[in-house]
Amino acid sequence: MINYYPRIYPIDQVGAEERVSRLFSRSIKKESKIRALKLALSMIDLTTLEGKDSLGKVRQLCYKAAHLHDQFSNLPQVAAVCVYPNMVDVAKKTLEGSSIKIAAVATAFPSGMTTLEAKLNEVKSVVDAGVDEVDMVMSRGRFLQGDYSYVFDEVAKVKNTCGQAHLKVILETGELVTLDNVRKASDLAMDAGADFIKTSTGKVKPAATPPVVLVMLEAIRDFYKRTGKIVGMKPAGGISTAKLAIQYLVMVRETLGKEWLTPDRFRFGASSLANDILMQIVKQSTGVYQSINYFSID
Amino acid sequence: MSKSKTLKFDTGGAYSPAPESTDHIQLKDRYGLFIDGNFTPSKAGKYFDTINPANEEKISEVPEANTKDVDSAVQAARQAYEKVWSKMKPSERGKYIFRIARLIQERAREFAVIESLDGGKPIRESRDVDIPLAAAHFFYYAGWADKLDFAFPGCRTKSLGVAGQIIPWNFPLLMAAWKIAPALAAGNTVVLKPAETTPLTALKLAEVIREADVPPGVVNIITGGGETGKMLVKHPDVNKVAFTGSTEVGKFIMKTLAGSGKRYTLELGGKAANIIFEDAAINQAVEGIVDAIFFNQGHVCCAGSRLYVQESVAKEVISKLKDRMNTLVIGDPLDKNTDIGAINSRMQLEKICEYVDIGKKEGGSVYQPSCTLPEKGFWYAPTLFADVSQSHRIVQEEIFGPVLAIQTFRTVDEVISKANNTPYGLSGGVWTDKGSKLFKVTKEIRAGVIWANTFNKFDPSSPFGGYKESGMGREGGIDGLHSYVELV
């Protein structure tokens with residue numbers, strides 16, 4: 001085990017909020033809007049993470065992932081589906097032959113309150129089942145008690161267990177509360193080997209908030225400048241409208257540049273966002289809004 | 001060895017055009033002088049064009065007021081002062097000012113579009129800053145109209161008479177509000193001259209004043225150039241002169257008014273120090289640097305044009321600043337995504353070019369983002385100079401454009417002495433996460449306004465004004481009221 005000392009990198013909450021409001025005041029119209037909508041669609045991790053998830057529910061979700069709105073041509077696919085470990089097999093079977101990735105949450109999602117050994121076993125089991133991506137939860141309790149070395153070590157070990165699978169580290173920023181903590185946790189997760197950093201489980205409110213996403217994007221930028229390593233970003237929870245998704249794309253574009261505008265580097269964790277984007281795309285081409293009943297709700 | 005990577009932005013072409021509509025605005029082909037409640041032609045019949053600096057096309061023409069015009073404007077103001085305004089119940093005066101504020105709010109969109117058309121500033125700023133703040137100033141001072149005795153405890157107040165007011169072209173409507181609102185609240189009447197290149201929102205304000213049924217002559221608005229301004233300053237029946245503009249003209253006004261018994265307030269140039277300590281929230285500080293120098297194309301007297309970065313973080317700050325400059329959208333002021341609009345006039349553009357040439361000759365390292373500027377109109381890319389010193393002219397003199405001079409420093413005392421090493425003293429900015437340092441530094445810098453971990457924030461309740469060659473007197477807040485009353 002190593003000793004990990006996080007860097008002090010102060011964040012000014014007022015300044016971060018001002019920057020967000022300036023970014024969010026960009027007006028995205030016409031061509032650039034259509035491009036952004038399609039891009040946002042291709043960045044979605046279509047997610048179902050509920051205690052009542054059943055095989056049937058996951059099958060339906062996977063079918064939807066591959067058939068967003070077949071009435072409309074030239075639509076991209078979503079990036080991935082995100083499910084619980086015991087749903088990986090059925091998701092894999094349903095998505096066989098498609099390029100949609102499979103992500104599983106692991107490490108005692110959403111609380112992370114179990115032993116390191118149990119966490120590593122869980123990660124190993126989903127990796128063995130053939131997932132492309134692992135979404136782990138960071139140990140917030142340990143982080144808040146200042147046990148940074150423990151948290152660093154845990155992430156590093158999970159990363160090690162992931163093998164070829166990409167690791168997304170969920171910070172659960174709603175429990176970290178301050179932007180200073182968000183920055184510190186982002187730095188820690190990246191130093192420990194995260195491929196992606198992710199805001200939230202979706203189980204804690206607030207989930208992804210714009211200032212939190214901005215601070216994490218800036219952390220990714222600073223890490224890239226320092227090390228040359230590319231880390232991706234995934235805001236999750238509470239992103240349900242196309243408008244907000246586009247605003248986040250603007251934020252990514254003006255913080256990290258256009259090279260981050262790809263599903264390899266940016267994802268939305270969302271369950272209902274896809275339909276709102278689909279509605280907007282259809283509206284852009286027909287000029288009128290269709291009833292939500294024309295879009296399947298799987 | 002860590003490798004440094006570059007980020008790719010070219011934001012300019014990323015967003016489809018999103019222009020604000022101009023259908024809803026009403027402009028006349030030709031305006032008159034607003035004297036005694038009516039638009040009247042100038043006595044000499046001379047007119048000059050006001051153009052859109054973004055495309056050099058004529059928008060309208062306005063009269064050039066001569067001595068007779070100035071005289072009749074001052075006379076109208078005098079009559080209105082003696083017969084109506086000074087005798088009116090203060091609460092009634094307040095009602096009129098409140099009405100002006102509400103009408104500005106109602107017509108905010110039209111004001112914003114005209115402000116951007118006539119002056120070149122981005123619609124984002126005229127819509128979100130200039131016009132709302134102008135309305136806020138009228139609201140703020142309307143509230144004081146019947147409470148003057150409470151503003152200055154233990155004193156009674158007396159109005160001064162006729163105020164001659166001359167305003168600059170960088171915040172046309174806002175500066176008109178800063179001047180007119182406190183003057184009226186305190187019971188004075190006004191003759192206001194807007195800047196030669198940006199008269200239109202002042203003339204629209206004249207329409208609002210008429211719509212608000214303000215008694216004729218209480219506010220008079222006359223257009224013209226420097227000569228008209230001189231006539232107003234020298235007019236024997238003006239009791240108070242309020243001027244915002246260059247230090248050069250400010251000195252002329254002081255000389256002219258010496259011994260005349262006229263009161264005056266001057267809000268002049270600046271060369272503000274913006275200081276970034278190593279313990280600052282760096283990403284927010286970089287944003288603050290952008291707000292400080294590139295707001296309104298740098299046409300801001302309180303712009304943070306001298307940047308001081310602590311040496312240990314200088315590399316990071318400058319690299320981030322350059323990245324940020326590459327995300328600034330430059331172009332059509334009416335496009336909602338525009339961050340940097342047009343330079344206000346050809347004259348100003350030439351001045352900026354001249355200073356950048358001087359900076360290059362003096363050996364500064366210049367940086368400009370890769371952006372394409374429109375062919376027609378007056379444009380200048382955001383620019384920074386590194387490797388400069390206190391001895392460089394671009395560090396000493398006010399450029400009034402989007403040009404930043406960057407120096408590094410090592411200790412607190414060093415940066416305080418450098419910040420104060422200027423003939424100006426209007427504003428400043430300090431960025432640190434440490435409260436004690438903030439209080440020490442802000443206390444020791446001689447400047448009228450110092451922002452802590454932010455920059456270019458304005459509020460009607462907060463006094464604004466300078467030390468040294470940045471002027472005298474304060475505008476805004478109770479201090480701003482003080483400039484328009486005599487305490488008895």
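Guide: First a term: two strands pair if DSSP finds at least two bridges between them. Helices (H or I, at least four residues) and strands (E, at least two) are DSSP runs, numbered from the N terminus. This is a predicted model, in which local features need pLDDT of at least 70 and side-chain atom pairs 80 or more, while totals for chains, interfaces and linings use all residues. Residues are numbered from 1 along each chain as its sequence is written, and chains are lettered from A, ligands numbered from 1, in the order written.

Visitor: How do S1 and S8 of chain A pair?
Guide: Strand S1 (residues 44-47) of chain A pairs with S8(A) in the parallel sense, over three bridges. Asp45(A) stands opposite Gly269(A) in S8(A).

Visitor: What order do the eight strands take in the sheet?
Guide: The open sheet in chain A runs S7-S6-S5-S4-S3-S2-S1-S8, with parallel pairing. Strand S7 (232-234) and strand S8 (268-270) of chain A each have a single partner strand, so one side of each lacks a neighbour in the sheet.

Visitor: Switching to chain B, what are the domains?
Guide: Chain B splits into domain 1 (33-268 + 467-487) and domain 2 (273-452); the bounds come from an automatic or database domain assignment. Their C-alpha centres lie 30 Å apart.

Visitor: How many residues does each give to the contact?
Guide: Domain 1 of chain B gives 21 residues and domain 2 of chain B gives 26, where contact puts C-beta atoms, placed from the backbone, within 7 Å.

Visitor: Which elements give two or more residues to domain 1's side?
Guide: Helix H3 (108-119) and helix H4 (123-144) of chain B.

How values were computed. Two residues are in contact if their C-beta atoms, placed from the backbone, lie within 7 Å.
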